[in-house]
Amino acid sequence: MADKIYRDYRGIRGLVAAKILKDTDETYECGEPFWIAGASTLTKETATSAATKYYDNVPAIIISATGSDTVSIEISAVDENTVAKLTGQDYFDELGMLVEGEPSNDYYAFGYITEKTDGTEVFVWRNKGQFSVPSSTHATKNEGTDSNGQSMTYTGISTTGKCAATGKPFRATVVDQSKNPWNEAEFFATVQTPDTIKEKKTTPTV
């Protein structure tokens, strides 16, 4: 039996996104990643359901299903241009103006780095989903140091196409840096998929 190792997650940083340009049976293609905002907390929950069917007076079959992922993110205030990118609204750079309207249904890949309490970093690309319009709270200044960031939800689903590595659609590409160390800049320069991950990159994480 292998030695027991107890670890928690402690740390979140490097939130980036890239617009999905094509997701078909044959092609998965994304645009250039861009930074979103500073990260405070990130929580992922996956909707699941199960039902038991009875035959001959006994529980004989369990029917299970997996729904979408809900990633809740607490972040620093998001730049208006970035809000426009993530939600498909309009931004006029020369005017510094965000025009809020109906958001688009564009899909994005979503990347970030989390860390375990032993110092191991985990690089993540969630490969398909949509961002909500950021929510925010504004309060009067006082003699204290209170301030407010924003919150946003990313709803993740599986890709349309299948990857060669598993022969199945995929939702996320998660790489443990203690087993397969990547250069951080390279990993997040483009969106990674199960088919782009190569074994044992040797360049240290920077």
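Author: Ile 62 belongs to strand E5, where strands (E, at least two residues) and helices (H or I, at least four) are DSSP runs numbered from the N terminus. Before going further, please keep in mind that this is a predicted model, in which local features need pLDDT of at least 70 and side-chain atom pairs count only at pLDDT 80 or more, while totals for chains, interfaces and linings use all residues. Residues are numbered from 1 along each chain as its sequence is written, and side-chain values use heavy atoms, with hydrogens and water left out.

Reader: OK, so is Ile 62 buried or exposed?

Author: Ile 62 is exposed, because its relative accessible area is 61%, and the classes are buried under 20%, exposed over 50% and partly exposed in between, computed with a 1.4 Å probe on protein chains only.

Reader: And which residues does Ile 62 contact, leaving aside its neighbours within four places in sequence?

Author: With those neighbours left out, Ile 62 is in contact with Ala 50, Ala 51 and Thr 52, contact meaning heavy atoms within 4.5 Å. For Ala 51, which is 11 residues away along the chain, the C-alpha separation from Ile 62 is 5.6 Å.

Reader: What about Ala 60, where does that one lie?

Author: Ala 60 is also placed in strand E5, which covers residues 58–75, and with a relative accessibility of 49% it counts as partly exposed. Not counting residues up to four places away in sequence, Ala 60 touches Lys 53, Tyr 54 and Tyr 55. Its C-alpha is 30 Å from that of Ile 157, a residue 97 places away along the chain.

Reader: Now the loop between E4 and E5: what is the phi of Asp 56 there?

Author: Asp 56, in the loop between strand E4 (39–55) and E5, has a positive phi of about 55° although it is not a glycine. Asn 57 sits in the loop between E4 and E5 too, and its phi is near 70°, again a positive value in a residue other than glycine. Asp 56 is exposed at 74% relative accessible area, and Asn 57 is exposed at 77%.

Reader: Switching to helices, which residue caps the N-terminal end of H1?

Author: That residue is Asp 79, which has a side-chain oxygen 2.9 Å from the backbone nitrogen of Asn 81. Within H1 itself, residues 80–87, the buried residues are Thr 82, Val 83, Ala 84, Leu 86 and Thr 87. Just after H1 comes Gly 88, with a positive phi of about 75°.

Reader: And Asn 183, what does its side chain reach?

Author: The side chain of Asn 183 reaches the backbone nitrogen of Glu 186 at 2.9 Å, and one of its polar atoms lies 3.0 Å from the backbone nitrogen of Ala 185. Both distances fall under the rule for a polar contact, namely a pair of N or O atoms within 3.5 Å, where within protein one must be able to donate a hydrogen and the other to accept it, and residues adjacent in sequence count only if both atoms are side-chain atoms. Asn 183 is located in the loop between strand E12 (172–176) and helix H2 (184–187), and it is buried at 13% relative accessibility.

Reader: Which strand holds Thr 114?

Author: Thr 114 is in strand E8, residues 108–116, and it is buried, with a relative accessible area of 14%. A polar atom of its side chain lies 2.9 Å from the backbone oxygen of Gly 11. Beyond four places in sequence, the residues that Thr 114 touches include Tyr 9, Ile 12 and Val 122.

Reader: How many disulfides does the model have?

Author: The count is zero, a disulfide being a pair of cysteine sulfur atoms within 2.5 Å. Cys 30 is in none, and the nearest cysteine sulfur, that of Cys 163, is 14 Å away. Cys 163 counts as buried, at 3% relative accessibility.
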